[in-house]
Amino acid sequence: MNTSKNVSKDIKAMQNGDKNRRTLIQIVVAVVLIALVAAIALFIVNRDSTSGEASPATGAGTSTGEQLTPTSLTDTGAIRFGNPDASTVISVVEDFQCPACKNFESISGSTLQQVADAGNVAVDYRPISILDRFSNGTMYSTRAASAAICVAENDRDSWMDWHNAMFEQQPAENGTGLTDDELVEIAASAGADSPATASCITDGSYTDWVTSQTQSVIGEGINGTPNVRVNGTEISNPTPENILAAAAAAGN
């Protein structure tokens, strides 16, 4: 009889089965671990690219001067034009790296200036920085928004010309943005040529404030730019006609 041989074969088969099961378990565990690591990495990437949170200005092209708090802005951190006591307020949230903001200004910017000059409406500009990730580490959005406050604080009468020039010379996304020296040159060419403005820009004097302001705006539910509101009500398609209609409906 071949009973011993059969038993030996059975034992060997069982051993092979156990080995195969262990191998299968090891493979399954490895796949689960790989999937878990990939999921964690994807979560981190998505969080950094879609949160809209501004980061402090660090790295190439940033400055580390004394951080200041603006004194000439509204309670909401806006640069106001027109009647400071107007009952109708048009609020414009913009990022200087935002191509849609450039397009908005080219279409509706002159209308905003006209209603502000008319004297019965206030126009608030609130520069923020949600697009730093598109300037290869130079934090261009933050530095440009800080420059906006520098001009508002030191050369207020030239702010609108500077603002328009900034969008006309908007750098392409995924580049390095404009340098601090270039921001100073744009300011000077627009009439904001005081030494205080120049040093404020190169020192990055309001970068921390811009970061805080950006978080405040995001906390209001504003996650994209441009965002245009009349007395707090958003205009989904802020054409000149729609802006004027909203202002008229608000009593102006």
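Reader: What order do the five strands take in the open sheet, and what is the pairing?
Author: In this predicted model, the order is E1-E3-E2-E4-E5, and the pairing is mixed.

Reader: Which are the edge strands?
Author: E1 and E5, the latter covering residues 233-234. Each of them pairs on one side only.

Reader: And E2 with E4, parallel or antiparallel?
Author: Antiparallel, over four bridges, with E4 spanning residues 227-230.

Reader: Switching to helices. How many residues of H4 are buried?
Author: Seven of the ten in 159-168, so H4 is largely enclosed by the rest of the structure. The buried ones are Trp159, Met160, Trp162, His163, Ala165, Met166 and Phe167.

Reader: What do they pack against?
Author: Strands E1 (79-82), E2 (89-94) and E3 (122-127), along with helices H2 (99-118), H3 (140-154) and H5 (180-189).

Reader: OK, H5 then. Which residues are buried there?
Author: Asp180, Leu183, Ile186 and Ala187. Seen down the helix axis, the buried residues of H5 fall within an arc of 120°, so they line one face.

Reader: Now Asp155. Where is it found?
Author: In the loop between H3 and H4. Asp155 is buried yet has no salt bridge.

Reader: How far away is the nearest side chain of opposite charge?
Author: That is Arg156, 11 Å away.

Reader: What does Asp155 touch, not counting residues up to four places away in sequence?
Author: Cys150, Gly191, Ala192, Asp193, Ser194 and Thr197. Gly191 in that list is the residue with the positive phi.

Reader: Last one, Pro70. Where is its place, and is it buried or exposed?
Author: Pro70 sits in the loop between H1 (3-50) and E1. With a relative accessible area of 13%, Pro70 is buried, the cut-off being under 20%.

Reader: What is Pro70 in contact with, leaving aside neighbours within four places in sequence?
Author: Ile149, Glu153, Tyr206 and Trp209. Pro70 and Ala152 are 82 residues apart in sequence, and 8.9 Å apart in space, C-alpha to C-alpha.

Methods: Residues are numbered from 1 along each chain as its sequence is written. This is a predicted model: local features need pLDDT of at least 70, side-chain atom pairs count only at pLDDT 80 or more; totals for chains, interfaces and linings use all residues. Side-chain values use heavy atoms; hydrogens and water are left out. Buried means under 20% relative accessible area, exposed over 50%, partly exposed in between (1.4 Å probe, protein chains only). Helices (H or I, at least four residues) and strands (E, at least two) are DSSP runs, numbered from the N terminus. Contact means heavy atoms within 4.5 Å. Lys and Arg count as positive and Asp and Glu as negative; His and the chain ends are not counted. A salt bridge is a side-chain nitrogen of Lys or Arg within 4 Å of a carboxyl oxygen of Asp or Glu. The arc is that of the directions from the helix axis to the C-beta atoms. Two strands pair if DSSP finds at least two bridges between them.
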